[in-house]
Amino acid sequence: MPHSYTLFASMRYDKTNLFGRSSKYRDTPTWSIGGKWNLAKESFFHLSAIDRLALKASYGLSGNIDKSTSPYLIAWSGLDMFSGMPVLTINNPENKDLRWEKVYTFNLGMELSAWRNRFNFNLDFYDRPTRDALGQTIIDPTLGFDTVMKNTANLLNRGFDLSIGGIPVKTNNFSWNTTFTFSYNYNKVTKVLSGEPSVNVALQNNALEGKPVDYVMVYRLGKLDSEGQPQLMDATGNLYNYQATGAFTLDDLAYLGRLSPKYYGAWSNTLRYKAFDFACMFTYKMGHKMMMPNISNVDYGERPYADFANRWMKAGDEEKTWIPKDPVDGHGMDYIYAVTQNDHMVESGNLIRLKSVSLGYDFTSLLKKGALVKSLYAKVSAENVWYHAANRDGIDPDNVRSGDRGMTYYGDLPHYYTLTLNVNF
């Protein structure tokens, strides 16, 4: 009888000059151990419908390198705009303690197939804490910097991946092959030395202990004032002009979730009927938020926020709209934050997309014997065919991107069409 178990182990020793001359930080061993036990091959297993039933587990250490920083002081050379004299601008302060980010990964899973592989089921759990992650760390400001990137943060990633697939229908002329995948992810910053959390830290999405890596914390927008200026609410509902929020704390902001999906996956299908084949794949992302494009982009030649026409324009408009007057009219960053970082600019990021569709036909059976062409297959396919987005404007979350003045929508993802011909002579 074949072995019912498999064991493996690996080790790798990395050396890199990205961390300077000290072997204390340059040299990092990475390793993993694991195994798989196929119960279906055991003598005590007597379920004939089960082709494979395997349990698997692994544990290991790997390392990450962030090439945006360095153990050495790095400066950019240039010319002063006023004097024309050469200057150096420090881009990265010296960090002699820079080292690898360490990722410890524990996996536990199960594989099941039955009825001669007509049904397949796979489930994998993972627990992935990261130690010594790079984070903004407060240092003595007399050194020339308030904060630097140092290996002082810890992160946690945890979740599971599920795959269910099979061939529900199979006859001489017709078959249907389908696979559904579902993934769940939970992440949290468990340690960061960035000092006392502040409103500005949160609005800039810098790491906060106890929050997801990509959390969403924003102002609570209240009713506009009589001049169309935004007013912000504190935790108890009191209204403040956007310039009078200096005493706000984190409790006065609204925590609304995270920007990356908690749940995501796909559903793919392939149907064959005689010489025809049809395939399609849906993808989905759920359980997260998106920042909506905003009116502050309107003077920059980019596609403006859809409700720009509904902004405050005259006295009394504050009774029928929450959108302030054009914020680019000589206002500073406080105004921009009030307009772009408020709870009215946060929507559901849920998205379902028909990612691909294809239809093919095999002409080989129609060819005459002895013909120059031995086989001929043609297929037409399309990408990004359709989507449904849960946000109020129905815009594609995958094409909303961050800029200097908030989020900008760059239109729906383009459709792609392909004709494929496979000819064998």
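These notebook entries record what I looked up in the structure above.

**Ground rules**

I am working with a predicted model, in which local features need pLDDT of at least 70 and side-chain atom pairs count only at pLDDT 80 or more, while totals for chains, interfaces and linings use all residues. Residues are numbered from 1 along each chain as its sequence is written, and side-chain values use heavy atoms, with hydrogens and water left out. For secondary structure I use DSSP runs, numbered from the N terminus, with helices (H or I) of at least four residues and strands (E) of at least two.

**Entry 1: strand pairing**

I began with β6, which is joined to strand β7 (residues 119-138) by eleven bridges, the two running antiparallel; strands count as paired if DSSP finds at least two bridges between them. Within this pairing I found Lys-102 opposite Arg-131 of β7. The hairpin of β6 and β7 has four residues between the strands, and there I noted that Trp-115 takes a positive phi near 55 degrees.

I then turned to an open sheet of three strands, ordered β11-β12-β13 and paired antiparallel. Its edge strands are β11 (220-221) and β13 (239-241), each of which pairs on one side only. Strand β12 (residues 231-233) is joined to β13 by three bridges, and I recorded Asn-241 in β13 as the bridge partner of Gln-231.

**Entry 2: salt bridges**

A search of the whole structure gave me 14 salt bridges, each being a side-chain nitrogen of Lys or Arg within 4 Å of a carboxyl oxygen of Asp or Glu. In one of them Lys-56 meets Glu-111, with the closest N and O atoms 2.9 Å apart. This pair links distant parts of the chain, since Lys-56 is in strand β3 (residues 50-64) and Glu-111 in strand β6 (residues 101-114), 55 residues apart. For exposure I use relative accessible area, where buried means under 20%, exposed over 50%, and partly exposed in between (1.4 Å probe, protein chains only). Lys-56 is partly exposed at 22%, whereas Glu-111 counts as buried at 11%. I also noted that Lys-36, Arg-52, Lys-56, Glu-111 and Asp-124 are linked in a network of salt bridges.

Which residues does Asp-398 meet in salt bridges? I found Lys-285, with the closest N and O atoms 2.9 Å apart, and Arg-353, at 2.8 Å from N to O. Asp-398 lies in the loop between β20 and β21 and Arg-353 in strand β19 (residues 351-362), so this pair ties together parts that are 45 residues apart in sequence. Asp-398 is partly exposed, with a relative accessible area of 33%, and Lys-285 is partly exposed at 30%, while Arg-353 is buried at 4%.

**Entry 3: nonpolar cores**

I next looked up the largest nonpolar core, which has 17 residues, those with the most contacts inside it being Tyr-219, Leu-232 and Leu-253. Such a core is a set of buried Ala, Val, Leu, Ile, Met, Phe, Trp, Tyr and Cys residues joined through side-chain atoms within 4.5 Å. The elements giving two or more residues to this core are α2 (199-203), β10 (215-218) and α3 (333-340). Leaving aside neighbours within four places in sequence, I listed the contacts of Tyr-219 (heavy atoms within 4.5 Å), among them Val-199, Leu-203, Leu-232, Phe-248, Leu-253 and Tyr-337. A second, separate core of 14 residues includes Val-216, Val-218, Met-292 and Tyr-409.

**Entry 4: around Phe-182**

I placed Phe-182 in strand β9 (residues 174-191). Not counting residues up to four places away in sequence, Phe-182 touches Phe-160, Asp-161, Leu-162, Tyr-263, Tyr-264 and Tyr-284.

**Entry 5: a nonpolar surface patch**

Last, I noted a nonpolar surface patch with about 1,000 Å² of accessible area together, whose members include Tyr-273, Phe-276, Leu-419 and Phe-425. Patch residues have over 30% relative accessible area and no salt bridge, with like charges joined within 9 Å and nonpolar side chains (Val, Leu, Ile, Met, Phe, Trp, Tyr) within 5 Å; accessible areas come from the Shrake-Rupley method with a 1.4 Å probe, and for residues only the protein chains shown count as cover. β23 gives the most to the patch, with three residues. Phe-425 is found in the segment after β23 and is exposed, with a relative accessible area of 62%.
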